[in-house]
Amino acid sequence: MSNPFNNAMEQLAKAARYLEVGNERLEVGKKIELLKQPERIIQVYFPVKMDNGQVKIFEGYRVQFNSTLGPYKGGIRFHPQVSMDEVKALSFWMMVKCAVVDLPLGGGKGGVVVDPKVLSEKELENLSRGYMRGIWRDIGPLVDVPAPDVNTNPKIMAWMVDEYKKLKTQNSKLKITKKNEGPEILATITGKPVDKGGSQGRTEATGMGGMYVLLATLAKLNSKLKTQNSKLTVAIEGFGNVGYFIAKLLSENGFKVVAVSDSRGGVYVKEGLDVEATMECKKKKGVLGGCYCRGGVCDLSYGKTVTNKELLELPVDILIPAALENQITKENAPRIKAQVVLEMANGPTTPEADEILHKKGIVVVPDILANAGGVTVSYFEWVQNRRNERWEVGDVNKKLKQVMDKAVDEVWRSKEKHKVTLRVAAFIVAIGRVLAKM
Ligand code: NAD
């Protein structure tokens, strides 16, 4: 399995070539050296009370990669395969992502090595609070602001912020009032439920941002796309928060979503899936439980099962990896048939695969741009908490679209100027911003 941090460093090296220019050469080189390691790594071991009365020790990380542009920002992942290198890579990508969309935030990421699917609700809560007890001294509204990622959600964020509040008040002179709870406590974590200080529009923000990026990119690619004047077909790997919302939004906007999957495998309905019905069916029976849904009806005759491997190679116009890292590799890249790959997951394409896709003429919209809608609305949530404001969902989405459209324009200009891929172009824009402030 390809090491995600090494992949991230290869991406940095590719962009660095374009940044090492002029008489600043040495200086820029030194700054780039600094971007090859995180500023801080926090590793915690914490006890969790299990339902059988026993106490189990779990391992977690928080990597604070870089704070040049602002407080560290990044999600918390619960997954058995969480590792230091993975969290380091994800925190690096957060730094780049925040810079691509020009947010005044740095990069961070957290993770706990755990399979949350085998935990009861109470154990999950104990785990979330336990992790917070491990890291709370190192985070805060102006220091480091976590959020959800794979297998974590608004409910988990609510437990975490509640635990943070307890710890903060017990261990400092801070008295919580209506006025300071937003700026001092709630602004410590984003992705909270709306009734607990979360922002309207945050849950769907990553998918929504991805759709805006795709639409803006397609408009620029327009003449180059082979399939015109007909519904563009889409296959989506991963049907969680990000995969579901992008599937829903794209199908509402005229795209034909033909395949979705979860960790066990996926469904392929050539005529186009009914995304809502598929999600309802998944909740009851799992995607593989016959969720071939069209027009509100799920019927076995409508489609077929595909493995995740097969899904990636389907004959579609747009392929959207929305699960985990390293899904498109040098092994399967030659068989990818899509014209556009929209990376909604972080790090789904290895550097070797990236080269192969590029040579095949496939446009890869990189993760640091495609999925930046999540952190953008997380930033809006943080601003609302800091100012004790509540924004309407329409305002949130309007502001999100402005940020994403501007980022696509800037990355596109960089791509044209340097004659590079969208990924290298996005890195040039982002790293340029970080270096300018270092
Ligand atoms: P999630 O836990 O809600 O969903 C993950 C989905 O991927 C699930 O359907 C799961 O079954 C599926 N999956 C897991 N392993 C798989 C495998 N090997 N093959 C196929 N599917 C598999 O997580 P999410 O929040 O939707 O995150 C998905 C990706 O998007 C991650 O890479 C995450 O880092 C990235 N991302 C998320 C956000 C966000 O706001 N949630 C923001 C930016 C990027």
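User: In this model, is E410 buried or exposed?

Analyst: A residue is read as buried when its relative accessible area is under 20%. E410 has a relative accessible area of 17%, so the residue is buried. Please keep in mind throughout that the model is predicted.

User: Which residue meets the side chain of E410 in a salt bridge?

Analyst: The general idea is simple: side chains of opposite charge can pair when their charged atoms come close. Here the partner of E410 is R433, at 2.9 Å from N to O. Because E410 belongs to helix α14 and R433 to helix α15, this pair ties together parts that are 23 residues apart in sequence.

User: How many salt bridges does the structure hold?

Analyst: There are 35 salt bridges in the structure. One of them joins the side chains of D138 and R40, with an N to O distance of 3.1 Å. That pair links distant parts of the chain, 98 residues apart: R40 is in strand β1 (residues 40-49), while D138 sits in the loop between α4 (121-135) and β5 (144-148).

User: How do D138 and R40 compare with the accessibility classes?

Analyst: The classes are buried under 20%, exposed over 50%, and partly exposed in between. D138 has 19% relative accessibility and therefore counts as buried. R40, at 39%, counts as partly exposed.

User: Where do E280 and K283 lie?

Analyst: Both residues are in helix α9 (residues 275-285), three residues apart, which is about one turn of the helix. The accessibility reading is made for each partner separately. E280 counts as partly exposed because its relative accessibility is 38%, and K283 counts as exposed because its value is 59%.

User: Which residues are linked in a network of salt bridges?

Analyst: The network links K122, E125, R129, R133, D162, E163 and K166.

User: Let us turn to the domains. What does the domain assignment of the protein give?

Analyst: The assignment gives domain 1 as residues 39-199 and domain 2 as residues 206-370. A separation between centres and a count of touching residues describe such a pair in two ways. The C-alpha centres of domain 1 and domain 2 are 29 Å apart. In contact terms, 12 residues of domain 1 touch nine residues of domain 2.

User: What is the area buried between domain 1 and domain 2?

Analyst: The buried area is about 860 Å², and carbon and sulfur atoms give 59% of that area. On the side of domain 1, W93, K97 and V100 supply 48% of what this domain buries against domain 2, more than any other three residues.

User: How many salt bridges does the rule find across the interface of domain 1 and domain 2?

Analyst: The rule finds one salt bridge across this interface. Polar contacts are counted separately: two residue pairs are in polar contact across the interface, both at pLDDT 80 or more. As for the elements involved, β3 (72-79) and α3 (84-100) are those that give two or more residues to the side of domain 1 touching domain 2. Of these, α3 gives the most, with six residues. By class, that side of domain 1 has five nonpolar, one polar and six charged residues. A further salt bridge to inspect in the structure is that of E325 and R77, whose side chains meet at 2.7 Å from N to O.

User: Leaving aside its neighbours within four places in sequence, with which residues is Q11 in contact?

Analyst: With those neighbours left aside, Q11 is in contact with W93, R423 and F427. Q11 itself lies in helix α1 (residues 4-19). At 8% relative accessibility, Q11 falls under the 20% limit and so counts as buried.

Notes:
Residues are numbered from 1 along each chain as its sequence is written. This is a predicted model: local features need pLDDT of at least 70, side-chain atom pairs count only at pLDDT 80 or more; totals for chains, interfaces and linings use all residues. Side-chain values use heavy atoms; hydrogens and water are left out. Domain bounds come from an automatic or database domain assignment. Contact means heavy atoms within 4.5 Å. Buried area is the accessible area (1.4 Å probe) that two parts lose on being put together, summed over both. A salt bridge is a side-chain nitrogen of Lys or Arg within 4 Å of a carboxyl oxygen of Asp or Glu. A polar contact is a pair of N or O atoms within 3.5 Å; within protein, one must be able to donate a hydrogen and the other to accept it, and residues adjacent in sequence count only if both atoms are side-chain atoms. Helices (H or I, at least four residues) and strands (E, at least two) are DSSP runs, numbered from the N terminus. Ala, Val, Leu, Ile, Met, Phe, Trp, Tyr, Cys and Pro count as nonpolar, Asp, Glu, Lys and Arg as charged, and the others, Gly among them, as polar. Buried means under 20% relative accessible area, exposed over 50%, partly exposed in between (1.4 Å probe, protein chains only).
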